[in-house]
Amino acid sequence: MEAFAVRGAPTFLHSSSFLFRSPSSSSSATRRSRVSFSSLPSLSRACLRRLHPFQQGTLPSRFISNGNRNLCMALQSDASSVVEAPLKGNELFLRTMISGMEKVYLSRNPTAKAILELVRKDDGEHICYDHFAFRTFGVDGHGIDSMAKIFLYFGYKPREELRFPAKKLRALWFAPPSTGYSENGTGVDGALPRIFISELLVDQLSYESQEVIRKYIKTSDSGYEHAALASTMGCLTWEKPLYSDYQLLSRESEYAAWTLVNGYALNHVTISTHRLKSHIRKIDSFNQFIHANGFKLNSEGGILKVSPDGLLLQSSTVADTTSFKFADGVTEYVACSYIEFAERLLLPEYKNIPDEEAQEFHRRDGFEVGNADKIFESTSRDQVTRKAA
């Protein structure tokens, strides 16, 4: 599968119920139960106008409008970029926003909630989030920059672009400001996460799929201005979709179908295993720990995804499923979100630093397209319906 990253080059940005795998104390058997909740509401245009978003969060001047696309010079992720700009604005506002996104995510993804509780029980309050990930439609302003602009306002910096031609996707990740690498605190109160935002290249889809997506984007109007708000509230900014439209998109792009019903909701959070303190800080041990407690891991490309340099190790669960009631009255189980795990090893120049003294900038930064390509499959029908090993 063709996928690649562009480094040091210009980056172009186009513009209810769960299937719950609960932990087992004595075996790896998987128990399943369904937890109901109301399907995702849509934010009306009138409601959005009343809840008008963060207006200063516009893109910096280096994002030059070009029709439906924006031009951005991605900063290099090398030694010269270790020192970040300080966090801008009200840090409490930023952390409250991130906390709101996490709360919606955990309320709809019992697997993620149960795993976080298990890790805290085994390791204490040492959980740090490596990154938060979002999916978007790359059309009419609803792409990467719709979610990125509020993070940019607070001092996040764009890094490498990643491309996934076979999936018709592109992604960009953003490094947190200087306070983001703090070793103090846990969860959303600890180190600020990297932000990973992908977008579907809608104009590369079939005419039929493009028409479906554009139909809902039109009902959203300027909903892209409210991406962060929608994520913290768990709302769609477009009208609730028809089941027939969801099916049509599913046949061509499972990413498109997922985004249609989940919108700007947090796609996944990632635990930094190397920041844990117990034996599960090594990702192989972590994966064994998760599997032994009855959780199903994404097996696409192998349970453990390893970057070519061997320094970025990643794994993930498969997505929970949620009962979604479509606009035409059909109720169907659709993929929701999942949780990922990442271990970043020491860079060669820092390999002799004692592990307890190593800081995040000593470790491998960034993302790897080969790993990310397989992690995307955590919401695929093949993985969600696969029987646990």
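Student: Where does Lys168 lie?

Tutor: Lys168 sits in the loop between strand E8 (157-164) and strand E9 (169-175). Helices (H or I, at least four residues) and strands (E, at least two) are DSSP runs, numbered from the N terminus. This is a predicted model, where local features need pLDDT of at least 70 and side-chain atom pairs count only at pLDDT 80 or more, while totals for chains, interfaces and linings use all residues. Residues are numbered from 1 along each chain as its sequence is written, and side-chain values use heavy atoms, with hydrogens and water left out.

Lys168 is not a glycine, yet its phi is positive, about 60 degrees. Its relative accessible area is 26%, so it counts as partly exposed. The cut-offs are under 20% relative accessible area for buried, over 50% for exposed, and partly exposed in between (1.4 Å probe, protein chains only).

Asp221 has a positive phi too, near 55 degrees, and is likewise not a glycine. Its place is the loop between H5 and helix H6 (227-233). With a relative accessible area of 38%, Asp221 is partly exposed.

Next, helix H4. Nine of the 10 residues of H4 are buried, which leaves the helix mostly covered. Among those buried residues are Asp145, Lys149 and Phe151. Asp145 belongs to H4 (residues 144-153). It counts as buried because its relative accessibility is 7%. Tyr224 is 79 residues away from Asp145 along the chain, but their C-alpha atoms are 8.8 Å apart.

The largest nonpolar core has 82 residues, and Phe137, Phe151 and Ile213 touch the most other members. Such a core is a set of buried Ala, Val, Leu, Ile, Met, Phe, Trp, Tyr and Cys residues joined through side-chain atoms within 4.5 Å. A second core is separate; its six residues include Ala319, Ala335, Tyr338 and Ile375. Back in the largest core, the contacts of Phe137 (heavy atoms within 4.5 Å), leaving aside neighbours within four places in sequence, include Leu200, Ile213, Trp238 and Leu260.

The axes of H5 (residues 207-220) and H7 (residues 243-252) come within 10 Å and cross at roughly 135 degrees. Axes are lines fitted to C-alpha atoms, for helices over the stretch in contact, and angles run from 0 to 180 degrees between N-to-C directions. H5 and H7 are therefore oblique to each other. Angles under 35 degrees count as roughly parallel, over 145 as roughly antiparallel, 65 to 115 as roughly perpendicular and the rest as oblique. On the H5 side, the contact includes Val212, Ile213 and Tyr216; on the H7 side, Leu248 and Leu249 are among its residues. The contact residues divide into five nonpolar, one polar and four charged. Here Ala, Val, Leu, Ile, Met, Phe, Trp, Tyr, Cys and Pro count as nonpolar, Asp, Glu, Lys and Arg as charged, and the others, Gly among them, as polar.

H7 also packs on helix H8 (residues 254-262), at an angle of about 150 degrees with axes 6 Å apart. Tyr246 and Leu249 of H7 take part, as do Ala256 and Leu260 of H8, among others. This contact has six nonpolar residues, one polar and three charged.
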